[in-house]
Every structure is written in structure tokens, then in C-alpha cells.
Amino acid sequence: MPWGYIRLNSGYAIPSIAFGTWTLGNGQDPIDQVAQSLENGFDHIDTAQSYRNEAEVGVALRESGLSRTDVFITTKYSGTDGLDMDTSIRNSVANLGIEYVDLYLIHAPRLAVPDIPTAWARMEKIREAGFARSIGVSNFDEKDLEILLASAKIKPAVNQILLHPYVYRRQRPILEYAAKHGIVIEAYSALTPITQRPGGPLDAPLNTIASRLGVTTDQVLLAWTKAKGAVVVTTSSKKTRLHGYLTAGDIGTRAYPTFLRNAFAHCVMINLPELTQEDIDTIDAAGAIGEQRSMNTGVTVRKLVNHGLVALALFVVGSYYIDMRIF
């Protein structure tokens, strides 16, 4: 199942698909689900301080019998409970039951306090102290990255962002900026078009491509995400779906953009079945239509809200004058 590895600018390699724990909550359920993902072949677990299940991930890791180097562990500084970055990383590795994480991210730009340069300098010290092999960010846009890089001694290895065809057009500048500076993109919520927004413009092309390749629509979306050069972060409680996600790595492609070819030099790939450039373009086009529809809907909603507020204001003013006339 050749999802392979992508070389980071830190010198380490990251598995190109991860099992995410964002929606799992805490208790026995996330322990069981992480364990199931490891048993099925996932070797990259993505968690965060704010998910409040780092300890459960740690239990699953210990019970798996796998060695530390067998699993790539990502967690994030989320500013939970008002804890500072140094305290947070120490708590995270303690909860996970490990000495270091493979990747430590600032969960969002707003958490980079008092400012991005100062927060990033702290991240660099965390790496230098051995608590994280690689450091990066999440949900940063081009301007955020530009501010960070202006003073950084160590480049972020990763920027984890929302990425699926319905947001690709607006996220593309971030992908291009990251590629230019040797920063790997991780994609979360890649399956949103079929899990959260079914019935949209993507349904028809995804079904057509899936039928031709003999795969499922979620596998097509994962292959599309891979073709954009991104590490996939996904999740499921169902064993069959996890197997399908891993099998999606077998879908090859000739559609990698030129700026991504070096990033995939260390990946192992199989070119059957194959997502073509035409497939990629078709998905991009349908995604752009869906994105424009969402924007139009947003504008309409805002207009309705504004009109409603105006009507409410007129009603209140009118009522006031009526009251004045009565009294």
C-alpha cells in the first residue's frame, strides 16, 4: 500500500497518510480506534493538546507492542487551559508516554503569542531541547508564513491546513508558497465533499472516475489530495474504511505539478490504477463551482441578515413612534 514517505526539510521523513484523533473524544473509544488504525497499517498518528486524547493515544501505542520508531507521532500546541508552550510540550510527551514527538505544530496563528516570531523562537528551542524532531504550523496563510520566515532560524517543516476540492482555489496560494519554501502541506478534512457536502458538483465526476478505476469516491478524493502533494490526515471508526484509505495509496498519478516532483523523490508509488491529469482538472473545476456556490450562498445569507436587521430596526423605530402617539 504505497503511500510512502515525504522528506521534510528537517531531514526526517513523514508518512504521507495519518490517522487523526480530532473527533474521537477521550476514554476507551479513542484507545480502541487508534489501536485499530495501527493494526490495519497506519504508522502516523495525528493528535493535539486540545483534542484531550493524547493519553489515550499513548495507551494504544504501548499496548500495540510497536517500537517508538515504528510510529510517527504528531501533536499540536493548542494553548489549552492557558498553558504556555514549554509546559504544554512537556505535558504532551508525558501524556503520550514518549520522550519526543516526531512533529510538533502551532495549532493556529492566533496561538502564536505575543507574536509569530516570538512563538516560533520558542518552537525552535523545543526542537533544540529534543522534545520534537520536526516543528511546524497549522492553519497559517501566506502572510503568516512570511512573517514567520522573516526571523526563523529553522523553517517550519509542515503547514497543516483544511484542503479539499471545494476550498482548493482559495488554498492554492498557500500550497504554492509552501512548495516554494520547502514546507510540506498536510491536509485535514479531505473527504468533506462526500461526508459533509454530498449532492454537490463533485458527485458526478467523482462517481465517474471511481467507476472507471474500480475504486470508491473517497479513494478518489484521497488520491486527488495526494496528487496535490499533501500528507493526508483522515479518520474512521470502521476497519473496512481504514483499509480502503490505505489502499487508495495504490492509485497512481501522472498529474503531479512540476513544483512537487522533488518533494516526492523519496516516495514509493504504483501507477495502477491511475488518476490522470484530466481527472485532476475535472475535480478542480467541479470544486471551483462548489466553492463559488458557497460564496454566493454566503453573500445571500449576509444580505438577508442585513435586510432583516434593517427591517427590525424600522419596526422598532415605527413601534416607538406609535407608542409615542399613543401616550
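**Exercise 1.** In this predicted model, identify the buried residues of helix H2 (residues 54–64), then find which elements they pack against.

*Solution.* Step 1: take as buried any residue under 20% relative accessible area. In H2 this selects Glu-54, Glu-56, Val-57, Gly-58, Ala-60 and Leu-61.
Step 1: list the partners of these buried residues. They are helix H1 (28–40), strand E4 (44–46), strand E5 (72–77) and helix H3 (85–96).

**Exercise 2.** Classify the packing of helix H8 (residues 203–213) on helix H9 (residues 217–227) and describe the contact.

*Solution.* The angle between H8 and H9 is about 95 degrees, and their axes lie 8 Å apart.
Step 1: apply the class limits. Angles of 65 to 115 degrees count as roughly perpendicular, so H8 is roughly perpendicular to H9.
Step 2: list the residues. H8 contributes Leu-206, Asn-207, Ile-209 and Ala-210, while H9 contributes Thr-217, Val-220 and Leu-221.
Step 3: sort them by class. The contact holds five nonpolar and two polar residues, with no charged ones.

**Exercise 3.** Which residues touch the most other members of the largest nonpolar core, and what does Val-101 contact beyond its sequence neighbours?

*Solution.* Step 1: the core has 76 residues, and Val-101, Tyr-104 and Leu-275 touch the most other members. H9 supplies the largest share of this core, six residues.
Step 1: set aside neighbours within four places in sequence. Val-101 is then in contact with Arg-68, Ile-73, Thr-75, Ile-89, Val-93, Leu-96, Phe-131, Ala-132 and Arg-133.
Step 2: check for a separate core. A second one, of ten residues, includes Phe-72, Val-158, Val-184 and Val-231.

Definitions and conventions:
Residues numbered from 1 in each chain as written. Predicted model: local features only at pLDDT ≥ 70, side-chain atom pairs only at ≥ 80, totals over all residues. Heavy atoms only, no water. Axes fitted to C-alpha atoms, helices over the stretch in contact; angles between N-to-C directions. Helix = DSSP H or I, 4+ residues; strand = E, 2+ residues; numbered from the N terminus. Parallel < 35°, antiparallel > 145°, perpendicular 65-115°, else oblique. Contact = heavy atoms within 4.5 Å. Nonpolar A, V, L, I, M, F, W, Y, C, P; charged D, E, K, R; others polar. Core = buried A, V, L, I, M, F, W, Y, C linked by side-chain atoms within 4.5 Å. Buried < 20%, exposed > 50% of the residue type's maximum accessible area, 1.4 Å probe, protein only.
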